[in-house]
Amino acid sequence: MSLLQPYFQQCASAAFSISFPSHSFYVSVSKRTFISCCSSQSQTALVDSPVDSKIAERDEIRLGLPSKGRMAADTLDLLKDCQLSVKQVNPRQYVAQIPQLSNLEVWFQRPKDIVRKLLSGDLDLGIVGLDTVSEYGQGNEDLIIVHDALDYGDCRLSLAIPKYGIFENINSLRELAEMPQWTVEKPLRVATGFTYLGPKFMKEHGLKHVIFSTADGALEAAPAMGIADAILDLVSSGTTLRENNLKEIEGGVVLESQAVLVASRKALIQRKGALDTTHEILERFEAHLRALGQFTVTANMRGGSAEEVAERVLTQPSLAGLQGPTVCPVFCKRDGKVTADYYAIVICVPKKALYKSVQQLRAIGGSGVLISPLTYIFDEETPRWRELLSKLGI
Ligand SMILES: Nc1ncnc2c1ncn2[C@@H]1O[C@H](COP(=O)(O)OP(=O)(O)OP(=O)(O)O)[C@@H](O)[C@H]1O
Ligand SMILES: O=P(O)(O)OC[C@H]1O[C@H](OP(=O)(O)OP(=O)(O)O)[C@H](O)[C@@H]1O
Ligand SMILES: [Mg+2]
């Protein structure tokens, strides 16, 4: 099955249709079983470890999820969309289960503690923002980003200065660095919660006279209160900066961030079952995220043969599908004889190209166009899995 690159489409009845590039057929499987069929390719979990230190002995694999804050709900939603719903008896309970992954325990923790506990060996996997991994992981080689784009928690760590006063005409990091005001005695004062990434960035960009102060929230107030000259904080819509009379500057973005799946290298290499579980989670994430924004389009088309219909379809730029159109005969009985005058074509189309695709289908004689959202796209092997194995030296 993996060789044929199946496309999965969720039907209302929780059954799934599978169509291969050369043949289409329909099977009914429960939501529970269908993904495990796809990701049953077992991986060797234990290999010779390049890591000397031993990991704590325990049987279960631990996944850290944000216990609160803006990532918490979106993380649970992602898992649910991947048929990995977290069963938490009540919201104050910090340990939970994902019934689909029997050897896995979920631990709810603050994002920064997830990173700390990955490093201390108390967690094996975690989902947090890249900003948190970068700040609290401090480049530690034990941390491996397994999936770098979970498609939520988008923000950037960015330097911001007041729009007014001595900063009125300052619009870039270079101009900020060249301001004569900053000296050894009177350095640029930056308020931030990112006390690792902040100084590292300034040093890398040659800003010499800078001093950092830490703060935990509402940093945007610091310049107006006279506590700092600039701030280094997360920005998403930019509303908080705007409302506080602050502006970002060219060259001032330290990091672009979104939610990521991160793992402890040591755990992946040494803990029994950790690599298999990671593979399954990764496959489900990839399949779900690839399918987001894609639709399955089916239509009937009159034609002499499947090849002739395929040729017509492929003259249209928006109808190529993932690998090419699936074309299959629609049989009917006429004068006691079974014939195929029509062919059904099935293609995947990105949301943006949907209407154009419908127009192109009609232009080449397509009729009865059906459109349904795609739930999963499983590829033969995910590029991120290959990448992970190579990072692990496997
Ligand atoms: N404005 C934002 N828009 C989108 N994502 C954001 C935004 N601010 C933060 N994030 C992302 O959400 C993560 C969690 O932020 P949140 O504010 O919930 O926790 P925190 O401030 O790190 O936690 P704590 O309150 O314990 O210090 C951040 O690390 C970042 O990846
Ligand atoms: O660009 P915007 O969309 O306005 O978002 C930016 C704000 O979001 C974050 O704060 P958050 O709301 O998480 O509050 P916190 O400071 O308590 O963490 C960040 O620290 C900014 O203050
Ligand atoms: Mg915050």
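Is Q138 buried, partly exposed or exposed, and what is its relative accessibility? At 46% relative accessibility, Q138 counts as partly exposed, where buried means under 20% relative accessible area, exposed over 50% and partly exposed in between, with a 1.4 Å probe and protein chains only.

The model is predicted, so that local features need pLDDT of at least 70 and side-chain atom pairs count only at pLDDT 80 or more, while totals for chains, interfaces and linings use all residues. Residues are numbered from 1 along each chain as its sequence is written, and side-chain values use heavy atoms, with hydrogens and water left out.

View 1. At 78% relative accessibility, D335 counts as exposed. Most residues other than glycine have a negative phi. Helices (H or I, at least four residues) and strands (E, at least two) are DSSP runs, numbered from the N terminus.

**View 2. The packing of helix α3 on helix α4.** Helix α3 (residues 111–120) and helix α4 (residues 130–137) pack at an angle of about 50°, with their axes 9 Å apart. That angle makes α3 oblique to α4, since angles under 35 degrees count as roughly parallel, over 145 as roughly antiparallel, 65 to 115 as roughly perpendicular and the rest as oblique. The contact, meaning heavy atoms within 4.5 Å, is made by P111, K112, V115, R116 and L119 of α3 together with T132, V133, Y136 and G137 of α4.

**View 3. The crossing of helix α2 and helix α10.** The axes of helix α2 (residues 72–81) and helix α10 (residues 274–291) come within 9 Å and cross at roughly 90°, and the two helices are therefore roughly perpendicular to each other. Here L78, L79 and D81 in α2 meet F285, H288 and L289 in α10.

**View 4. The aromatic pair of F167 and W182.** Rings of Phe, Tyr and Trp (its six-membered ring) pair if their centres lie within 6.5 Å, with planes under 30 degrees apart counted as stacked, over 60 as edge-to-face and the rest as tilted. F167 and W182 form a stacked pair, 6.1 Å centre to centre with 20° between the planes. F167 is in the loop between β9 (155–162) and α5 (173–177), and W182 is in the loop between α5 and β10 (188–192), 15 residues apart. Both F167 and W182 are buried.

Definitions and conventions. Chains lettered and ligands numbered in written order. Axes fitted to C-alpha atoms, helices over the stretch in contact; angles between N-to-C directions.
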